[in-house]
Amino acid sequence: GFLQKNPEKKAKEKKKLVELLDGKRRQQVDIALRGLKITAEQATKAMLAMDKDVLPPGKLQLLITACPTPQEKDLITKGYSGATSDLAAAERFMRVVAIV
């Protein structure tokens with residue numbers, strides 16, 4: 001017979017992520033992150049090491065557009081107390097790089 005897919009299982013797998021930024025800003029950050037092609041952790045490490053191989057001028061400019069403003073940093077670090085893994089990609093990236 002045919003295998004039936006379990007719709008309840010799919011609903012549980014697709015967890016709603018917490019979005020703290022407005023849609024336009026989130027989209028801007030998501031586009032920058034796709035251009036960087038590195039994780040937030042890799043970006044943080046490269047910033048701290050001032051690694052020009054990982055962050056050449058073009059990627060550094062993209063990173064600058066994705067970094068949180070002081071207000072966004074407060075919102076993501078002080079205004080949100082949940083798990084980082086529950087955040088949407090843009091917010092998760094900002095939370096990780098906010099320590100730099």
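Predicted model: local features only at pLDDT ≥ 70, side-chain atom pairs only at ≥ 80, totals over all residues.
A residue counts as buried when its relative accessible area is under 20%, as exposed when that area is over 50%, and as partly exposed in between. The protein chain has 6 helices and 0 strands, and 29% of its 100 residues count as buried.

**Overall architecture**

- Read from the N terminus on, the elements of the protein chain follow the order α-α-α-α-α-α.
- When contacts between residues at least 6 apart in sequence are considered, 71% of them join residues at least 24 apart.
- The protein chain exposes about 7300 Å², and carbon and sulfur atoms supply 58% of that area.

**Helix α6 and its cover**

- Helix α6, which spans residues 89-97, is largely enclosed by the rest of the structure, because 7 of its 9 residues are buried.
- The buried residues of α6 are Ala90, Glu91, Phe93, Met94, Arg95, Val96 and Val97, and what covers them includes α2 (23-36), α3, α4 (57-66) and α5 (70-77).

**The nonpolar core**

- The largest nonpolar core has 18 residues, and those that touch the most other members are Val29, Leu33, Leu36, Leu55, Leu63, Ala66 and Phe93.
- Two or more residues of this core come from each of α2, α3, α4 and α6, with α6 giving the most, namely 5 residues.
- Valine 29, once its neighbours within four places in sequence are left aside, is in contact with Ala66, Ala90 and Met94.

- Threonine 44 is found in helix α3, which covers residues 40-49, and its relative accessible area of 6% is under the 20% limit, so threonine 44 is buried.
- Apart from neighbours within four places in sequence, the residues in contact with threonine 44 are Val96, Val97, Ile99 and Val100.
- Isoleucine 99, one of those contacts of threonine 44, lies in the segment after α6, and isoleucine 99 is exposed because its relative accessible area of 68% is over the 50% limit.
- Together with Leu48 and Val100, Ile99 makes a nonpolar surface patch of about 330 Å².

**Salt bridges**

- Side chains of opposite charge can pair when their charged atoms come close.
- The count of salt bridges in this model comes to 5.
- Arginine 26, which is buried with a relative accessible area of 13%, forms a salt bridge with glutamate 91, in which the closest N and O atoms are 3.2 Å apart.
- This pair links distant parts of the chain, since arginine 26 sits in helix α2 and glutamate 91 in helix α6, 65 residues apart.
- The side chain of arginine 26 also meets that of glutamate 19 in a salt bridge of 3.7 Å, N to O, and glutamate 19 is partly exposed, with a relative accessible area of 44%.
- A further salt bridge is formed by aspartate 74 and lysine 78, whose closest N and O atoms are 3.6 Å apart; aspartate 74 is partly exposed at a relative accessible area of 38%, whereas lysine 78 counts as exposed at 68% relative accessibility.
- Through salt bridges that share partners, Glu19, Arg26 and Glu91 are joined into one network.

How values were computed:
Residues numbered from 1 in each chain as written. Heavy atoms only, no water. Helix = DSSP H or I, 4+ residues; strand = E, 2+ residues; numbered from the N terminus. Buried < 20%, exposed > 50% of the residue type's maximum accessible area, 1.4 Å probe, protein only. Contact = heavy atoms within 4.5 Å. Areas by Shrake-Rupley, 256 points an atom, 1.4 Å probe, with all protein chains shown as cover. Core = buried A, V, L, I, M, F, W, Y, C linked by side-chain atoms within 4.5 Å. Patch = residues over 30% accessible without salt bridge, like charges linked within 9 Å, V, L, I, M, F, W, Y side chains within 5 Å. Salt bridge = Lys/Arg side-chain N within 4 Å of Asp/Glu carboxyl O.
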